[in-house]
Amino acid sequence: VTKSSDIAGLGILTRENAAVLNAALRNLARHVVAGIRRGIARCGCDRAKVCFTQNDGTVIQAEEASRYPIRCVQCGPVNSLRGAALLAKASDAIVVDVGGTTTDV
């Protein structure tokens, strides 16, 4: 069960869309997290803490990412932009993230 108020702020359409997408992604997210845990265990690091980045640039634990995978959508470009701004040591910066199919500014 996905509770829309756990994922999105105000606004019926925003909450509804986020809840529907989150519910659609949950099984895949569980599968991905389980696969990553198995891979880590095979390397002998089964006590390692597994975390994922969210689309706001913060980090969540694997269990939360499994419950709320919608929070991780578009985390790559966000983290790229945050990292570039940090490395540039600038309070004002224009950063361009060029991916395989998208460009984010």
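**Core, salt bridges and selected contacts**

Leaving out residues up to four places away in sequence, Ala18 touches Ile7, Ala8 and Ile70, where contact means heavy atoms within 4.5 Å. This is a predicted model, in which local features need pLDDT of at least 70, side-chain atom pairs count only at pLDDT 80 or more, and totals for chains, interfaces and linings use all residues. Residues are numbered from 1 along each chain as its sequence is written, and side-chain values use heavy atoms, with hydrogens and water left out.

**Nonpolar core**

- The largest nonpolar core has five residues, namely Ile7, Ala8, Ala18, Tyr68 and Ile70.
- Such a core is a set of buried Ala, Val, Leu, Ile, Met, Phe, Trp, Tyr and Cys residues joined through side-chain atoms within 4.5 Å.
- Buried means under 20% relative accessible area, exposed over 50%, and partly exposed in between (1.4 Å probe, protein chains only).

**Asn22**

- Asn22 is found in helix α1; helices (H or I, at least four residues) and strands (E, at least two) are DSSP runs, numbered from the N terminus.
- With a relative accessible area of 0%, Asn22 is buried.
- Beyond residues up to four places away in sequence, Asn22 touches Thr2, Ile7, Arg67, Tyr68, Pro69 and Ile70.

**Salt bridges**

- The whole structure holds two salt bridges, each defined as a side-chain nitrogen of Lys or Arg within 4 Å of a carboxyl oxygen of Asp or Glu.
- One of them joins the side chains of Glu63 and Arg37 at 2.4 Å, N to O.
- Glu63 lies in helix α2 (residues 62-67) and Arg37 in helix α1 (residues 12-42), so this pair ties together parts that are 26 residues apart in sequence.
- Glu63 is partly exposed at 39% relative accessibility, and Arg37 is partly exposed at 34%.
- Arg71 forms a salt bridge with Glu64, with the closest N and O atoms 2.5 Å apart.
- Arg71 is buried at a relative accessible area of 17%, whereas Glu64 is partly exposed at 25%.

**Charge over a ring**

- The charged end of Arg71 also sits over the ring of Tyr68, 4.2 Å from the ring centre.
- The criterion is NZ of Lys or CZ of Arg within 6 Å of the ring centre and within 35 degrees of the ring normal.

**Val59**

- Val59 lies in strand β2 (residues 59-61) and is exposed, with a relative accessible area of 53%.
- Apart from neighbours within four places in sequence, Val59 is in contact with Cys51, Phe52, Thr53 and Gln54.
- Val59 and Cys75 are 16 residues apart along the chain, and their C-alpha atoms are separated by 10.0 Å.
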